[in-house]
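Biologist: Hi! Could you walk me through this model? I'd like to go piece by piece.

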Amino acid sequence: MGKILIKNCAFLSTMNREREELKDIDLFISNGKIKEIGRNIAKDGKLQVIDASHCIVTPGLINTHDHLFQSLSKTVPKAQNASLFNWLKILYPIWGRMNPEQIFIATQLGLSELALSGCSLSADHMYIFQNGCRLEDTIEAAREIGLRFNPTRGAMSVGESAGGLPPDNLIENEEKILADMERVVQKFNDPAEGSMLRVGLAPCSPFSVSNDLMRETAQLARSLGVGLHTHLAENDEDVKFSLEKYGCTPGEYIQELGWVGPDVWHAHCVKLTPKEIEIFNDTATGIAHCPCSNCRLGSGIAPITDMLKVGINIGLGVDGAASSDSSHLLSEARQAMLLQRLTDEGKKFSARDALEIATIGGARVLGRNDLGSIEIGKRADIAIWNLKELSLTGAWDPVASLIFTGPHHVKNLIVEGKLIVNDGELLSIDSQSIIRKAKKSLEQLMESAN
C-alpha cells in the first residue's frame, strides 16, 4: 500500500471531536492510515503528492442506506408520481425480472456515481434473490470499484396472498433465507479495523416479512456479531399498516422484536413519534436519513433535528435510484439541510450539521469507529474538492459552500490510502464501459416489461 502526501490543503474539515477546520495544512497517508497532519510536512522516498492548494478536504462521505440494484430503474414513468406502496407495486415486477449480470451492472453504476460524489463507504440493502441472483453479485461489483462496502442480506417472505405487499413470486422460504444469511456472513464479513467489507442482515420491512423472521434474524445477527437493518416508519401508509396488523406503532413493534440497540440502524423513520424517538435514544439505535427519496415519494420530513438534539446517531442515505433518481451523496446532504429549514426545530440546521451526518454521523451508525473524521490513526478515506469550480466561486465560507452550492463532483477520492478518483475520473474502472453495459441491461429490462 502506497504513501500519499496531500500538500497545502486550503481548507480542511476534520470532523474530529472539536470539529476543527484547518487552513493551509498538509496530510500524510501511509499503509491506509492518516499518519501526520501539519504544516510543511516533508517526506523522502517513493510517494504520490497531491496539490490541494485550491481545495477543500473532507472525510470521505458515508452512505448508510441504498438499493444499488435500483440503478437501472430510474424515472419509471408510471412510478414517477406514486407514493410508497403504489410505487413498490409498480416496480416489484421489474426488479423481479433482474438477473445476476444486471444486478452486477446496476451496482457498479450506483457505486460509480457515489464515488464521484465523494462517497468512500456505502451500505446496500439487497432483497431481490430471484433468477439466481446472490449477494455475491453486489460484492464482486464493489470490489472492482474500490469503495468500502457494507452489503446487507435482505429478504421478503410474506407475499400478497398472506397479507404482505410484495407479489408472491418475489418471496423466499424463511429457512433458506436464514441459511443464506449465515452463509454470506461467514464467507464475506470482515470485522477487523480498516475492513473493506462488512455484511449485515436486513429483512426488508415489517410489511414484507414475518414476526418470526424478524426475531430469528436478530438472534442470528447477534450470534454472528453483525449489524441489523430494515425500513421503518417511512410514511403514513407504513404506520397505518403497523397499527392495523400489530396494534402498535412501528417503533414499538421493532422494540418488542429486539430490533433496537447500537447494532441496529433503521432507514427513513420519517413518522417516528416522540415516544419512539425516546426508544431510539435510550437504546442507541441508529437512523439512515434519506431526504431526496422522502421528498420524491411524498413521505414527509423526518424530524432529524429533534433526534440529533437528544443524541440519536443519524447518518445519510441516498436510498435506491428508483426513488432518488440519483446517487449523489453531497447533494443528499444539501437536501437534508434544506428540508430541515422548513421545520420549526430545524431552522438553524446548518451546512456543517449536514456535512456531519454525511461523514462522522454515518460512521457511527455503521459502527465504524475507524472512519468518518480526519485524525491521526484513522483510516485514510478522504475527499478533495476543487474550489476553482464556477459553482464554488464567490463563496465567503468555503466549507459551507460545499453544501449550499452545487452539485459538485469530487476532484480526488482516497479510500484506505488508495486513489480511487483522480481529477474527477474513476481510476479503478472505465466509466464509458459501465455506461455501455448499463444501457444494454436497461434495454433488456425495458423489453421484458413490454
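Biologist: What is the handedness of the crossing where α12 passes α13?

Modeller: The crossing of α12 and α13 is right-handed; a crossing counts as right-handed if the near helix is turned clockwise from the far one by less than a right angle, and as left-handed if anticlockwise. Before we go on, this is a predicted model: local features need pLDDT of at least 70, side-chain atom pairs count only at pLDDT 80 or more, and totals for chains, interfaces and linings use all residues. Residues are numbered from 1 along each chain as its sequence is written, and side-chain values use heavy atoms, with hydrogens and water left out.

Biologist: Good to know. At what angle do α12 and α13 pack, and how far apart are their axes?

Modeller: Helix α12 (residues 329-340) and helix α13 (residues 351-358) pack at about 130°, with axes 9 Å apart. Helices here are DSSP runs of H or I with at least four residues, strands are runs of E with at least two, and both are numbered from the N terminus. The axes are lines fitted to C-alpha atoms, for helices over the stretch in contact, and angles run from 0 to 180 degrees between N-to-C directions.

Biologist: Which word describes how α12 and α13 lie to each other?

Modeller: They are oblique to each other. Angles under 35 degrees count as roughly parallel, over 145 as roughly antiparallel, 65 to 115 as roughly perpendicular and the rest as oblique. The contact (heavy atoms within 4.5 Å) is made by A333, A336 and M337 of α12 and A351, A354, I357 and A358 of α13.

Biologist: Let's move to α2 and α3. How do their axes cross?

Modeller: The axes of α2 (residues 100-116) and α3 (residues 135-145) come within 8 Å and cross at roughly 40°. That pair is therefore oblique too, and the crossing of α2 and α3 is right-handed. On the α2 side, the residues in contact include I103, F104 and L111, and on the α3 side they include A141, A142 and I145.

Biologist: Why call α3 largely enclosed by the rest of the structure?

Modeller: Because eight of the eleven residues of α3 are buried. Buried means under 20% relative accessible area, exposed over 50% and partly exposed in between, with a 1.4 Å probe and protein chains only. Among the buried residues of α3 are L135, E136, D137 and I139.

Biologist: What do the buried residues of α3 pack against?

Modeller: They pack against α2, β7 (119-126), β8 (148-155), α4 (174-188), β16 (418-422) and α16 (431-449).

Biologist: You mentioned β7. Is S122 in that strand buried or exposed?

Modeller: S122 sits in β7 and counts as buried, at 0% relative accessibility. Beyond its neighbours within four places in sequence, S122 is in contact with N63, D66, L111, L114, R148, F149 and N150.

Biologist: On to strands. In which sense do β10 and β11 pair?

Modeller: Strand β10 and strand β11 (residues 264-268) pair in the parallel sense over five bridges; pairing requires at least two DSSP bridges between the strands. L228 has V264 in β11 as its bridge partner.

Biologist: Which residues of β10 lie on each side?

Modeller: L228, T230 and L232 are on one side, H229 and H231 on the other, and all are buried. In a regular strand the side chains alternate between the two faces of the sheet.
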